[in-house]
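Here are some notes for a colleague who is opening this structure for the first time. Please read them beside the sequence and the model.

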Number of protein chains: 2
Amino acid sequence: MSPRRGLTRESIVKTASDLLDQDPSRDLTLAELARHLGVRTPSLYNHIGSLDELRQEIAIYGARELADRLGSAAIGRSGETALVAVAWAYRDFAVNRPGLHLATQRAPEPGQTELNAAAHAILEILMRVLEPFELSEKEQIHAIRALRAMVHGFVSLEQAGGFGMPVDLDESFQYLVDTYIAQVTSGTRSALS
Amino acid sequence: MSPRRGLTRESIVKTASDLLDQDPSRDLTLAELARHLGVRTPSLYNHIGSLDELRQEIAIYGARELADRLGSAAIGRSGETALVAVAWAYRDFAVNRPGLHLATQRAPEPGQTELNAAAHAILEILMRVLEPFELSEKEQIHAIRALRAMVHGFVSLEQAGGFGMPVDLDESFQYLVDTYIAQVTSGTRSALS
DNA sequence: AGTATAAACTAACACCCGTAGTTTGGCAAG
DNA sequence: CTTGCCAAACTACGGGTGTTAGTTTATACT
């Protein structure tokens with residue numbers, strides 16, 4: 001018994017992501033991944049080119065998942081409500097899939113069109129959500145960078161155990177979101193709902 | 001020729017940090033480290049317990065360096081001026097020592113008293129800088145977490161090449177700092193210089 | 001001068017990623 | 001139903017890594 005075990009590039013990426021979620025601190029090893037798939041290590045090379053390529057594939061998978069979640073969170077909402085929903089959706093992603101979130105955080109290679117596409121999708125969602133605030137072009141870039149920095153920084157520190165004090169993390173995150181909304185609505189007072 | 005080459009735990013940590021700064025994306029290898037020190041790999045084990053322990057040592061070194069820089073930046077300043085100086089000192093640290101900054105970002109082990117001590121030193125500096133704004137105890141925690149999240153998130157994304165748009169990064173960072181200051185001074189209007 | 005100690009070494013093991021070449025199962029055409 | 005092709009699994013192996021054990025040797029202290 002052996003050949004035709006039914007591996008797929010997608011199934012490999014998926015179980016690798018699950019393994020990373022179970023213990024985000026350990027670094028991925030093809031040997032353990034093959035073990036969990038009931039297969040010998042070299043068999044993986046029928047579906048992936050290298051460990052590094054697999055890591056990139058996981059990053060793409062994570063970026064797409066994140067884009068999906070952010071997009072869903074913004075459906076049917078606008079203004080501050082949409083902003084809050086998107087911020088919390090990002091945090092939920094990092095909390096629910098810590099290993100995948102960490103793996104997604106890689107420097108994109110120059111020719112990585114797929115990863116860049118996913119990153120661009122996220123960028124477009126944020127631009128759409130910020131539209132009602134009618135910022136100037138330059139301000140919009142600053143605002144998007146600020147949003148990403150705040151949310152990403154918070155969840156990264158939270159995930160790394162960087163927040164030791166016994167104060168509720170949800171409250172702190174809401175404080176951060178409020179800070180952002182105050183800044184982005186400081187010009188316009190037309191923020192809805 | 002050989003014995004008494006003059007290794008030290010500190011010298012090992014230092015050259016390891018330098019190597020990481022030269023290429024923050026590569027992962028540290030004892031073999032290459034030994035090569036750069038003019039020594040065989042096992043010789044390192046006379047000074048360190050394991051690769052993981054060395055990584056922790058580097059993290060401690062980075063945290064102390066960061067605490068020093070933040071402390072220096074805050075000397076002789078107060079209020080908004082101190083806040084701005086500390087934020088930029090953090091960013092300078094991440095820009096000047098990218099590998100060390102990345103290595104510092106590890107989940108602290110429970111019994112890591114030295115790393116926790118360095119983290120506590122940073123916490124105290126931030127508390128001192130926030131003193132003049134007279135926040136409530138809970139608000140102060142939120143404000144500290146927000147500051148760390150914003151600055152850390154920005155430099156992490158910047159370092160990872162996450163900001164693609166052709167807009168000045170310094171301006172974006174200043175926008176972020178302004179956002180924070182607006183929030184933290186929203187109660188008190190007594191902010192100085 | 002002589003000895004103890006600790007810092008370097010060599011040798012060896014286990015584990016990892018990755019390649020080469022071999023076996024084998026399933027699908028498609030005759 | 002048979003036959004042949006192809007791709008997915010395999011075994012075997014090489015080069016690299018972290019780590020341990022045991023050996024040599026330079027330095028520091030008596």
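1. A residue is called buried under 20% relative accessible area, exposed over 50% and partly exposed in between, with a 1.4 Å probe and protein chains only. By that rule, both A:Asp21 and A:Arg97 are buried.

2. The model is predicted, so local features need pLDDT of at least 70 and side-chain atom pairs count only at pLDDT 80 or more, while totals for chains, interfaces and linings use all residues. Residues are numbered from 1 along each chain as its sequence is written, chains are lettered from A and ligands numbered from 1 in the order in which they are written, and side-chain values use heavy atoms, with hydrogens and water left out.

3. A:Asp21 and A:Arg97 also join in a salt bridge (a side-chain nitrogen of Lys or Arg within 4 Å of a carboxyl oxygen of Asp or Glu), at 2.8 Å from N to O. Because A:Asp21 lies in helix H1 (residues 9-22) of chain A and A:Arg97 in the loop between helix H4 (79-96) and helix H5 (98-104) of chain A, the pair ties together parts that are 76 residues apart in sequence; helices here are DSSP runs (H or I, at least four residues), numbered from the N terminus. A:Asp18 is linked with A:Asp21 and A:Arg97 in a network of salt bridges.

4. A:Asp23 and A:Arg26 form another salt bridge, with their closest N and O atoms 3.5 Å apart. A:Asp23 counts as partly exposed at 29% relative accessibility, and A:Arg26 counts as partly exposed at 25%.

How values were computed: Helices (H or I, at least four residues) and strands (E, at least two) are DSSP runs, numbered from the N terminus.
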